Protein chains: 2
Amino acid sequence: MIAAPYLLFLGNAEEALSIKTSRGIAQWRPELCVGEYRGPQCTVTTGQPQMDFAEAVSQGAKTMIVGLANAGGYLDEYSISSVIAALEAGLDVASGLHQSLAEHPEIARIAKATGRKLHDVRKPPADLRVGKGYPRAGKRLLTVGTDCSVGKMYATLAIEQEMQRRKLSADFRATGQTGILIAQSGIPVDAVIADFISGAVEQISPAREDDGWDLIEGQGSLFHPSYAGVSLGLLHGAQPDALVLCHELGREHMRGIPGRPLPDLRDCLERNLEAARLTNPDVQAVGVAVNSSKLPRDQALRACADIEDLLGLPCQDPIAHGVAKITDRLSECFELHAVV
Amino acid sequence: MIAAPYLLFLGNAEEALSIKTSRGIAQWRPELCVGEYRGPQCTVTTGQPQMDFAEAVSQGAKTMIVGLANAGGYLDEYSISSVIAALEAGLDVASGLHQSLAEHPEIARIAKATGRKLHDVRKPPADLRVGKGYPRAGKRLLTVGTDCSVGKMYATLAIEQEMQRRKLSADFRATGQTGILIAQSGIPVDAVIADFISGAVEQISPAREDDGWDLIEGQGSLFHPSYAGVSLGLLHGAQPDALVLCHELGREHMRGIPGRPLPDLRDCLERNLEAARLTNPDVQAVGVAVNSSKLPRDQALRACADIEDLLGLPCQDPIAHGVAKITDRLSECFELHAVV
């Protein structure tokens with residue numbers, strides 16, 4: 001568990017994209033954030049109050065989040081000195097970078113000396129087991145995709161927000177680094193040893209008896225030749241009762257594979273349902289979440305209506321249109337009632 | 001590349017099953033073996049000549065193979081002292097155990113001092129890339145299964161042997177530890193980071209322009225809830241032209257999952273073909289290889305005939321019946337002609 005509240009470290013970022021992780025945390029968990037720390041050349045912001053390490057600590061911050069994305073995923077000199085200063089000020093540090101905090105000798109030494117914790121959220125835990133696929137208690141929803149990076153995490157978080165607004169018990173379960181920082185826990189499923197993919201997902205969404213839903217962040221696509229193995233193991237481990245298909249309108253080819261077309265939406269949904277039945281024969285599709293940011297609003301709405309006709313499922317852009325119709329369908333299919 | 005010829009180390013094994021890896025090497029690659037080394041309590045044999053380390057070296061052995069299977073996959077005291085003695089006698093050492101040779105301080109020190117190589121074949125290489133699924137030259141056959149441990153490696157090796165007998169160019173490509181020791185190279189696909197499953201298989205079966213076939217050892221099953229992710233990534237990375245479905249007659253449940261039935265053979269084949277089309281739309285099934293060791297010969301032959309009727313494919317037990325009919329079908333489908 002990553003201790004909250006957070007101070008978001010933006011370094012010297014000059015592009016919105018490179019603070020995507022911090023923006024995601026600030027958007028979905030503002031209540032977890034006390035502020036942001038910007039380096040002298042930083043030109044972007046999450047909108048959180050700006051503060052230094054001492055001020056963050058005095059406002060109750062427990063962990064600094066290094067949520068930067070740079071080309072190699074490495075720790076630059078400014079980040080290293082800032083991490084050390086944050087540790088010395090009394091903060092734990094959590095990082096979504098490829099380069100490990102714990103394996104940096106100076107950072108590791110200071111963390112030990114100050115008694116602070118380091119969290120490398122791309123590194124899976126060491127105690128994983130293989131999945132078994134035995135039926136387990138509780139209800140689970142999984143987002144699946146036509147491709148990578150089509151908005152599965154956003155869709156999952158939007159459904160959590162909408163369910164909670166309706167007083168339905170629901171918890172986001174994270175499988176990627178940004179999701180883990182948002183949820184304060186989780187396992188980066190694409191980084192586990194291949195034998196443990198489904199087992200890792202069983203571990204983050206164990207049996208639950210409280211009528212609440214686990215809303216599991218999907219990864220990749222059964223139709224992506226690089227990552228389909230991750231997606232299939234995730235699907236089997238999630239043992240989902242409900243699937244939401246995620247898709248980006250107007251995407252021209254599979255991510256990272258110029259020339260490879262996106263799958264047909266109906267095929268993609270059918271193949272996911274078919275594979276999901278291995279561990280949950282009663283799985284149902286409850287909606288389609290699209291990223292329509294490439295299209296004008298009227299075109300996006302027309303495209304959603306076409307998808308609704310094609311698949312017989314509600315289709316919405318979680319950012320532009322919300323997920324009320326998808327949540328309605330989920331509630332109908334599973335007869336959900338607000339917890340009073 | 002693991003240097004041959006080999007000395008097979010049997011330790012103090014008292015059961016045939018615990019020297020399965022060494023027996024596999026002796027069966028499929030007798031030309032790679034000079035002999036076996038047995039400890040004082042050893043009661044089993046591969047049939048190879050017995051010899052000590054010095055004698056093995058004098059007969060040209062280059063590598064000692066620690067192919068033991070024990071419950072935890074660990075190195076016992078007798079194995080450790082034997083590995084050290086083998087290194088000092090001038091042998092490299094290759095191991096299929098979970099516990100790493102290279103991470104054992106004393107073994108690592110002696111290997112360094114003597115200039116010998118250590119091969120931990122369960123440890124994947126560090127330089128893996130993600131798969132891309134781009135069409136590549138050459139022909140590839142992959143064995144897929146209804147379950148784990150149904151004879152995929154044996155079937156693949158039997159087809160290699162039969163093709164080579166017919167002067168067809170074919171090379172076994174290994175994806176598991178026993179296979180890697182047999183092939184002298186390969187990648188343990190179930191041990192790679194999940195993101196690299198398909199990429200690892202692209203790496204072991206790169207484009208080839210010589211009209212030869214890569215015969216790729218399959219792993220797991222699309223229908224095994226623990227390992228299906230490995231099987232799907234392997235299928236996409238293999239980009240197979242031909243599939244051989246492997247199955248054990250009379251198996252009562254999926255391996256390790258009491259109560260979970262085996263998939264229907266027709267469903268299993270169809271789902272493998274469907275998934276394989278993502279990276280090779282022209283994939284064809286060419287046969288079914290069964291392990292019929294639980295049945296009397298007449299029942300086994302009747303079961304094979306039934307499967308042939310059901311699927312319209314030749315069905316044979318590679319050990320009991322050979323793979324001539326499967327290889328005939330492969331040759332017909334792909335118009336193969338002997339290299340003169």
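These questions and answers explain how some terms apply to a predicted model.

Residues are numbered from 1 along each chain as its sequence is written, while chains are lettered from A and ligands numbered from 1 in the order in which they are written. Because the model is predicted, local features need pLDDT of at least 70 and side-chain atom pairs count only at pLDDT 80 or more, while totals for chains, interfaces and linings use all residues.

Q: What makes the radius of gyration of chain A agree with that of a compact globule?
A: The radius is taken over C-alpha atoms, and the globule rule is 2.2 Å times the number of residues to the power 0.38. With 340 residues, the rule puts a compact globule near 20 Å. Chain A has 20 Å, so the two agree. Its C-alpha trace spans about 55 × 50 × 45 Å along the principal axes.

Q: How many helices and strands does chain A have?
A: Helices (H or I, at least four residues) and strands (E, at least two) are DSSP runs, numbered from the N terminus. Chain A has eleven helices and eleven strands.

Q: What makes Arg277(A) buried or exposed?
A: Arg277(A) has 12 C-beta neighbours inside 10 Å, so it counts as exposed. Its place is the loop between helix H9 (265-276) and strand E10 (284-291) of chain A. His236(A) is 41 residues away along the chain, and 8.4 Å separates the two C-alpha atoms.

Q: Which residues of helix H1 (residues 20-28) of chain A are buried?
A: They are Thr21(A), Ser22(A), Arg23(A), Ile25(A), Ala26(A) and Trp28(A). Their cover includes strand E1 (6-11), strand E2 (33-38), strand E3 (63-66), helix H5 (152-165) and helix H6 (177-183) of chain A. Across chain A, buried residues make up 54% of the 340 residues.

Q: What is Ile25(A) in contact with, leaving aside its neighbours within four places in sequence?
A: Two residues are in contact if their C-beta atoms, placed from the backbone, lie within 7 Å. The partners of Ile25(A) include Tyr6(A), Leu8(A), Leu32(A) and Leu181(A). Ile25(A) also belongs to the largest nonpolar core, which has 203 residues. Such a core is a set of buried Ala, Val, Leu, Ile, Met, Phe, Trp, Tyr and Cys residues joined through C-beta atoms within 7 Å. Among the members that touch the most others are Leu7(A), Ile25(A), Leu7(B) and Ile25(B).

Q: How many residues of chain B are in contact with chain A?
A: In chain B, 28 residues are in contact with 28 residues of chain A. Helix H7 (197-204) and helix H8 (228-238) of chain B each give two or more residues to that side. H8(B) supplies the largest share, six residues.

Q: What makes the phi of Lys167(A) worth a note?
A: Most residues other than glycine have a negative phi. Lys167(A) is not a glycine, but its phi is positive, about 60 degrees. Lys167(A) lies in the loop between H5 and strand E7 (170-173) of chain A. With 10 other C-beta atoms within 10 Å, Lys167(A) is exposed. In chain B, Lys167(B) has a positive phi near 60 degrees.

Q: Where is there a cis peptide bond in chain A?
A: A cis bond joins Ala4(A) and Pro5(A), with omega about 0 degrees. Pro5(A) lies in the segment before E1 of chain A. In chain B, the bond from Ala4(B) to Pro5(B) is cis, with omega near 0 degrees.

Technical notes. A residue is buried if 20 or more other C-beta atoms lie within 10 Å of its own, exposed if 12 or fewer, and partly exposed in between; C-beta atoms are placed from the backbone.
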